[in-house]
Amino acid sequence: MIDPLVQEKMAQKFRLICDRYYTCTSEIFRGLGQLYVNDERFKANYENVKPGLAEFFRDAMAIYADTLEGKAN
């Protein structure tokens, strides 16, 4: 199940990146989520907050990227 509140937070994160840093695409957003898991520095920061948070963000960002690409159910 896709939690609408989580997806709204991902939309906010996506817009923040676009507004403050660079034009973010669905592919970039998905890759950023994967980076949170693959890069130990990022992962350590998220895991410090709550174990499993890096994977949670990766998955939520991938779902949002699917929505941008029109793949969401």
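Keep in mind that the structure is a predicted model.

**Helix H4**

Let's start with H4, which covers residues 53-68. Its 16 residues reach 22 Å from the first C-alpha to the last, close to the 22 Å expected at 1.5 Å a residue. Seven names make up its buried set: Leu-53, Ala-54, Phe-57, Ala-60, Met-61, Tyr-64 and Ala-65. Viewed down the helix axis, these buried residues fall within an arc of 145°, so they line one face of H4. What do the buried residues of H4 pack against? Their partners are helix H1 (4-20), helix H2 (26-38) and helix H3 (40-49). After H4 comes Gly-70, which has a positive phi, near 80°.

**A closer look at Ala-65**

Ala-65 is part of helix H4. Its relative accessibility is 0%, and because buried means under 20%, Ala-65 counts as buried. Setting aside neighbours within four places in sequence, Ala-65 is in contact with Ser-26 and Arg-30. Ser-26 is itself one of the buried residues of H2. Gly-31 sits 34 residues from Ala-65 along the chain, and the C-alpha atoms of the two are separated by 9.6 Å.

**Helix H2**

Now to H2, where the 13 residues should span 18 Å at 1.5 Å a residue; the end C-alpha atoms are 18 Å apart, which agrees. The buried residues here are Ser-26, Phe-29, Leu-32, Gly-33, Tyr-36 and Val-37. Around the axis they cover an arc of only 150°, which puts them on the same side of H2. Glu-27 and Asn-38, on the other side of H2, are exposed. The cover over the buried residues of H2 includes H1, H3 and H4.

| H4 | 16 residues | 22 Å | 145° |

**Where H2 meets H3**

How do H2 and H3 pack, by angle and by distance between their axes? The angle is about 80°, with the axes 5 Å apart. The two helices are therefore roughly perpendicular to each other. On the H2 side, the contact is made by Leu-35, Tyr-36, Val-37 and Asn-38, while H3 brings Glu-40, Phe-42, Lys-43 and Tyr-46. By type, the residues of this contact divide into five nonpolar, one polar and two charged.

Technical notes: Residues are numbered from 1 along each chain as its sequence is written. This is a predicted model: local features need pLDDT of at least 70, side-chain atom pairs count only at pLDDT 80 or more; totals for chains, interfaces and linings use all residues. Side-chain values use heavy atoms; hydrogens and water are left out. Helices (H or I, at least four residues) and strands (E, at least two) are DSSP runs, numbered from the N terminus. The expected span of a helix is 1.5 Å times one less than its number of residues. Buried means under 20% relative accessible area, exposed over 50%, partly exposed in between (1.4 Å probe, protein chains only). The arc is that of the directions from the helix axis to the C-beta atoms. Contact means heavy atoms within 4.5 Å. Axes are lines fitted to C-alpha atoms, for helices over the stretch in contact, and angles run from 0 to 180 degrees between N-to-C directions. Angles under 35 degrees count as roughly parallel, over 145 as roughly antiparallel, 65 to 115 as roughly perpendicular and the rest as oblique. Ala, Val, Leu, Ile, Met, Phe, Trp, Tyr, Cys and Pro count as nonpolar, Asp, Glu, Lys and Arg as charged, and the others, Gly among them, as polar.
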